[in-house]
Amino acid sequence: MRRKSVFVAQNAKQAWLSQFLVLLAFTLACILGALLDDTDLAVALCFIIGFPWFLGAVYAVVKALMGEPWHFPGLGWASA
């Protein structure tokens, strides 16, 4: 579909990038928690990263289903 629709291509690119960046952030939070031997810190960082990302992802899905353009904050450059 990405060759047929620019809208689909832009949303797919941003979804992939957001998933990758959140995976990277979760990995770094786990590594930091392991290095500092503090699971509470690792869980707190994952929550701080994950909760806003989850809300943004739900909002992006709703906007995409409505056919409205929207981008994740900080990933606007990926929609070009």
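This is a predicted model: local features need pLDDT of at least 70, side-chain atom pairs count only at pLDDT 80 or more; totals for chains, interfaces and linings use all residues.
Trainee: Okay, how many residues does α1 have, and what is its reach from first C-alpha to last?

Mentor: α1 has 30 residues and reaches 43 Å, close to the 44 Å expected. Just after α1 comes Asp37, with a positive phi of about 55°.

Trainee: Which residues of α1 are buried?

Mentor: First the general idea: an α-helix has 3.6 residues a turn, so residues three or four places apart point the same way. Here, the buried ones are Gln14, Leu17, Ser18, Val22, Ala29 and Gly33.

Trainee: And what covers the buried residues of α1?

Mentor: The cover includes α2, which runs over residues 39–65. Take Val22 as a case: this residue sits in α1, residues 6–35, and has a relative accessible area of 12%, so it's buried. Val22 and Gly50 are 28 residues apart in sequence, yet their C-alphas lie 7.5 Å apart in space.

Trainee: Now charges. How many salt bridges does the structure hold?

Mentor: In general, side chains of opposite charge can pair when their charged atoms come close. This structure holds one salt bridge. Glu68 pairs with Lys63, and their closest N and O atoms are 2.7 Å apart.

Trainee: Are those two partners buried or exposed, Lys63 and Glu68?

Mentor: Buried means under 20% relative accessible area. Lys63 comes in at 17%, so it's buried. Glu68, at 28%, is partly exposed.

Methods
Residues are numbered from 1 along each chain as its sequence is written. Side-chain values use heavy atoms; hydrogens and water are left out. A salt bridge is a side-chain nitrogen of Lys or Arg within 4 Å of a carboxyl oxygen of Asp or Glu. Buried means under 20% relative accessible area, exposed over 50%, partly exposed in between (1.4 Å probe, protein chains only). Helices (H or I, at least four residues) and strands (E, at least two) are DSSP runs, numbered from the N terminus. The expected span of a helix is 1.5 Å times one less than its number of residues. Contact means heavy atoms within 4.5 Å.
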